[in-house]
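Reader: I would like to go through the labels attached to this model. For each one, tell me what it rests on.

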Amino acid sequence: MNNITGTIINYYIHCKRQCYLHYHRINLEDESGLVKIGKALHERHNTEEIEIDNIKLDKIKGEFVTEIKKSDADFNASRFQLLFYLKKLKEKGVIKKGRLTFLEKNKVDKKNHEILLDDSSEKELEDIISEIKILVSNSTPPAIEKNNKCKKCAYYAFCYI
Amino acid sequence: MGTKYILSKGELHRQDNSLNFKNSNGNNYIPIEGIDEIYCLDEVSFNTKVIDFLSKNNIILHLFNHYEGYSGTFYPREKYMSGKAVIKQVEAFNEKRELIAKAIVLGIANNIHEVLYHYYRHGKEELKEFLDWLKDEMPKKLENSNDISEILLTEADIWYRFYNSFSVFLREDFVFNKRVKRPPDNPLNALISFGNTILYTKTMGQIYQTHLDQRISFLHSPQERRFSLSLDLSEVFKPVIVFKTIFDCVNNRKLSVEKHFDKNLNYCLLNESGKKIFLEALESKFNETFKHTTLLRNVSYLKAIKYDGYKLLKYILEDFEFNPFSLKEKK
């Protein structure tokens, strides 16, 4: 499954519809500006992005792989994105720990979180990947789940129009 | 979101990371940030350095000759490409062309109705017959149309009756007898042609921000050597944007035949100051906002064009009902 990326994993946890649309390369221009802010912050904070196959690591240093996020809006989605990178590295024989860095913390108590790929999270990740494969092979996108989080999404206008 | 109109002869240069338009009055710096489109409405020279710079900044360049004739568009390479969307759009053309075309024609009728109802409410009773036809007879006729040529006939009928209604509420010196295109033969035709072209090119700019393929259209035939999807999606906005602006400019005496049209060409084309007034009026219409009834956000008419693109994309991807923009329902 070479076309699964960290972003796809993140989106799957966050919103199945977003995941489907993004997978099929329907990326709509963001109007809220939040995506732009996120990208700009990213550029400022990480100068050493590393690409391996189709994954992009923000930072790899010592025993840690770091994923930098603008905010902790969806902790679990960010966590699985990072777990996916750890798993990808493990498949190549590189064992690393993960570190999630939120530039803004609103929901969680601290900015840095250590994330470890253990047996149970690896199993969960495998399940998620097989669910994604089923999801994206459907001929139509999944229905809209109306939710408060939609208001900040780049797909808001597309979904709610 | 911004549009820059260049109305005079001159040269466009890249200067460091910005643009400079030089004309007989000197340098005019155009900040690149916040510009999406540049319209060159007179002879402008530029080089590939400018084109490359525009491309890097995703700016579209529309070119016109001195006589309001549309020459073409420089379009940076596609930002958004989705194989899935293109395949679905072609499938929709084969399977649902008539449905989409009917929705567009109905959308034109509804928006014309809304625009004219204003004049009816203000005492122009002669419009009643046409308004009733738009609401009752026309939709029935459309419903019973089986193929695209019948749908197109109904569409032509709507526009024909619409043009004929102008004498009821437009100032006399602007009323015309028939619609003449290429080249327009009177001031009103000139405004309509020019306004429609601006709308068509603006629509291209909005479709550029979606995944729709500009060439695959539904009401218009995709064989036309143009980005015919823009013709389709701009159709329902003509009454809303182009005609409302024209009626306003004419009836509120912002434009006059003597002052703003070129006498040498028998008043058939706008002169430079006429172009400026009309473009400013159009531009403020594109930027005017309203509260969108489903998004619950303030949306400009320009954005509404893009959202019609989203609606079409949603229709072809997941079969959501396609109802083009309605001026009455504000959605």
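Reader: What makes Lys276(B) and Glu280(B) a salt bridge?

Author: The model is predicted, and in it the side chains of Lys276(B) and Glu280(B) come to 3.9 Å, N to O. The cut-off is 4 Å between a Lys or Arg side-chain nitrogen and an Asp or Glu carboxyl oxygen, so the pair counts as a salt bridge. Both residues belong to helix 10 (residues 272–287) of chain B, where they are four residues apart, about one turn of the helix.

Reader: Why is Lys276(B) called partly exposed?

Author: The relative accessible area of Lys276(B) is 45%.

Reader: Which residues are joined into one network by salt bridges that share partners?

Author: The network consists of Lys87(A), Lys90(A), Glu91(A), Glu122(A) and Glu126(A). Over all chains, the search finds 25 salt bridges.

Reader: How do you know that Asp127(A) and Lys123(A) form a salt bridge?

Author: Their closest N and O atoms are 2.9 Å apart. That is within 4 Å, so the pair meets the criterion. Asp127(A) and Lys123(A) both sit in helix 5 (residues 119–137) of chain A, four residues apart. Asp127(A) has a relative accessible area of 32% and Lys123(A) one of 47%; both values fall between 20% and 50%, so both residues are partly exposed.

Reader: Why is the pair of Tyr301(B) and Phe325(B) called edge-to-face?

Author: Two values decide it. The ring centres are 6.0 Å apart, within the 6.5 Å needed for a pair. The planes stand at 85 degrees, and over 60 counts as edge-to-face, so the pair takes that name. Tyr301(B) lies in helix 11 (residues 301–318) of chain B and Phe325(B) in the segment after helix 11, 24 residues apart. Both Tyr301(B) and Phe325(B) are buried.

Reader: What makes the pair of Phe162(B) and Tyr163(B) tilted?

Author: The angle between the planes is 40 degrees. Stacked needs under 30 and edge-to-face over 60, so tilted is what remains. The centre-to-centre distance is 6.1 Å, and both Phe162(B) and Tyr163(B) are buried. The structure holds 38 aromatic pairs over all chains.

Reader: How do you know that the charged end of Lys314(B) sits over the ring of Phe158(A)?

Author: The charged end of Lys314(B) is 5.9 Å from the ring centre of Phe158(A), against a limit of 6 Å. The label also asks for a position within 35 degrees of the ring normal. Lys202(B) is placed likewise over the ring of Phe286(B), at 4.9 Å from its centre.

Reader: Which labels apply to Arg25(A) and Glu68(B), buried or exposed?

Author: Arg25(A) has 56% relative accessibility; over 50% is exposed, so Arg25(A) is exposed. Glu68(B) has 9%, which is under 20%, so Glu68(B) is buried. Neither is a glycine, yet Arg25(A) has a positive phi of about 60 degrees and Glu68(B) one of about 65 degrees. Arg25(A) is in the loop between helix 2 and helix 3 (34–45) of chain A. Glu68(B) is in the loop between strand 7 (60–64) and strand 8 (70–74) of chain B.

Reader: What lines the largest cavity?

Author: Its lining has 14 residues, and among them Cys15(A), Cys150(A), Cys153(A), Tyr155(A) and Cys159(A) lie nearest the centre. Helix 2 (16–23) and helix 6 (156–160) of chain A each supply at least two lining residues. By class there are nine nonpolar, two polar and three charged residues; Cys and Tyr both count as nonpolar. The space inside is about 150 Å³, and the whole structure has three cavities of 30 Å³ or more.

Key: Residues are numbered from 1 along each chain as its sequence is written. Chains are lettered from A and ligands numbered from 1 in the order in which they are written. This is a predicted model: local features need pLDDT of at least 70, side-chain atom pairs count only at pLDDT 80 or more; totals for chains, interfaces and linings use all residues. Side-chain values use heavy atoms; hydrogens and water are left out. On a 1 Å grid over the protein atoms alone, a cavity is a set of points where a 1.4 Å probe fits but cannot get out, and a pocket is an open set with protein on both sides within 12 Å along at least five of seven lines; lining residues have an atom within 4 Å of a point. Grid points are joined across faces, edges and corners, and a volume is the space filled by probe spheres set on the points. Buried means under 20% relative accessible area, exposed over 50%, partly exposed in between (1.4 Å probe, protein chains only).
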